[in-house]
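Dear colleague,

Please read them with the coordinates open beside you.

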Amino acid sequence: MKVVALVSGGKDSCYVMMKCIQYGHEIVALANLLPVDDSVDELDSYMYQTVGHQIIVSYAECMNVPLFRRRIRGSSRHQKLSYQMTPDDEVEDLFVLLSEVKRQIPSITAVSSGAIASDYQRLRVESICSRLGLVSLAFLWKQDQTLLLQEMIANGIKAILVKVAAIGLDPSKHLGKDLAFMEPHLLKLKELYGSNVCGEGGEYETLTLDCPLFTNARIMLDEFQVVLHSPDSIAPVGVLHPTVFHLEKKDSNSLEEKEPGLVFEVQGDGPNTPESTCQPDNGTVEHTRNRVSVSKTGKENTFSICCWVEGSSQSSTGLREDLETVLTETESQLLKQGFNWQNVLYIHLYISDMSEFAVANETYVKFITHEKCPFGVPSRSTIELPLVQAGLGKAYVEVLVANDQSKRVLHVQSISSWAPSCIGPYSQATLHKGVLHMAGQLGLDPPTMNLRNEGAVAELNQALTNSEAIAEAFRCSISSSALHFVVFCSARTEQSERDQLHEKFVSFLDLAKSSRRVLDPMFLYILVPDLPKRALVEVKPVLYVEEDPETEDETRQEQFGEGDYGCWGYKPEEWHQDCVQKRVVDGKICVTVLSISAEVMKKLHEPEEEQELERLTRFCVYLLNKTLSENSFSWKDTTSLRIHFSTSLGVSVKRLFNVFETAFKELNEMSPEGIVGDSKEPTFNLVPVLGAGNSSASLDNIITCELFSLRS
């Protein structure tokens, strides 16, 4: 990509440019924000480093790259963590600056910044990039600061300290000193006081005078003044004010003399870009709305809504129309409940053809936007399913909804070395009521966003590494906190590799285990036609984030009580235990996976097809009901119930839906209080798959029920 680099003069903004080049990108322009008054060294800014700005003008000549500069007119008006466009805010100066760069150099597609740990700065750069259609590159994000400092020095960053504001740093002693000279002292301060060795806590700021990017010249600082801002006896604050400097040409040898880079000052108020949200064509949506179906779980405060189109394959409708239909209906269902998209925690987006992913995403972003979700956009997984073969439409959506705004969302749009970016209105993970819902993770190499090309096992290992990085952001680990893993396997995966996946998965978790309390996670492998980016594997973890680490371990394994939970004449049998996996944690969460194979079906002893299907669905409902009851959960605690069925079953969705609905109605009638209250919609959703199983080696389940219950 062609990149405009945000430069403050500091070591971080220079080193991230070097990382951009390392990953194959090209720096074609520089952008810098400076005070209105040249004599002012530092502004009261939450966003920008301005100390040493007098020297930044030389970067254009040192690098032979055009430099665009703008004087900061705004102030820190919008101080909440997540930024929204605010007139006269200093962030809008960055928008105007980058708008002009993009106008003059239309080929630019990305912006680099030196963000290491500040969410405040990263989120604002990402907001501007989103508005301008640019990609944020932040290759230093979440990197170990000690290693990062060593890398910068080893890779030729020559920088001096131009501001100090921390215990152990003295303006009279340390301003103007080289970063390499200061490294031992900075490491000592980290050991003594927990200081950030890269200055991410505001301990110090730097000015780069030379680095490998400076191919034309290096900057020589001849004279400077030390300005003491605060004579505090513990942590005095001082800045270095450059007074005289010059450029020292580098030996070009046989290279032709280069033209110095140009400097442009950007003025004005920038383009008028009113925020707008595209709406779907209502005529198109109405054409198929009479074929839309909905299901909803009965829980009041956290529930799921599913929406799909029946029989779309019989008409000329396409993916775009079907997805507009189901998203419009989902939005309508949310409004009926008094909610909107900001209440959504997670979205399962199922489509019939992954080659139309771009069309699906383009439609998706018309409905789910940052503006509609001020508390954070939902996490998401996108999977291709055999929808058309099952007699469904070409798009199918399930949303998990909460009636409060207590969710905590992690949404990093910048491309970095930390974990795969989520460019657009979907986030890496959402934490709500102690449950961490993680977006589907592919085996993507974070800085390049390319799939590992060594096969399914390598993709799985990378996907788990990415999942662990996200979990660490919530101070937990997939090895100790995971309740449930759903692993989607592409039908293109060779059986020989599929056989290895579960063993490799367990090995990864064993190696990562710590001394902390460890949950024993459940696994569900699902065979699907295709995945995004033609991946072979996608991992969707669900974690439990403990509110109190000292809580007694109440995790329970598969065990059946002695109570009488019989219905339809069923009585507990020993082989029933082989069908059920469950985890109950702290009496709050119950996750159940019920697996029905062809072998189990034979044990149900019903020779006629219609009776066999009814017997099968009743057996599923019986075992699910028994599992909930014996663990003191009720159907009213259910947040989601997915019934994955193999297309090899040879039964239409409509028929299967009817028999499951009948089974639940019968159970409801047998229960004195009713199992799901007065819910008018079905409380489950049917998901067609190619196969499923508890192991990657054997995906021969005919029906797999995935039930998640949460006690309020």
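The protein chain has 17 helices and 30 strands, both taken as DSSP runs numbered from the N terminus, with helices being H or I of at least four residues and strands being E of at least two. This is a predicted model, in which local features need pLDDT of at least 70 and side-chain atom pairs count only at pLDDT 80 or more, while totals for chains, interfaces and linings use all residues. Residues are numbered from 1 along each chain as its sequence is written, and side-chain values use heavy atoms, with hydrogens and water left out.

Of the 712 residues in the chain, 58% are buried, where buried means under 20% relative accessible area, exposed over 50% and partly exposed in between, with a 1.4 Å probe and protein chains only. Among contacts (heavy atoms within 4.5 Å) with a separation of 6 or more, 78% are between residues 24 or more positions apart.

Leu 81 lies in the loop between β3 (67–71) and α4 (90–104) and is partly exposed, at a relative accessible area of 47%. Leaving aside residues up to four places away in sequence, Leu 81 touches Asp 119, Tyr 120, Leu 123 and Arg 124; Asp 119 is 38 residues away in sequence, yet 7.4 Å away from C-alpha to C-alpha.

As for cysteines, the whole structure holds 0 disulfides, a disulfide being a pair of cysteine sulfur atoms within 2.5 Å. Cys 579 is buried, at 2%, and its sulfur is 8.6 Å from the closest cysteine sulfur, that of Cys 620, which is too far for a bond.
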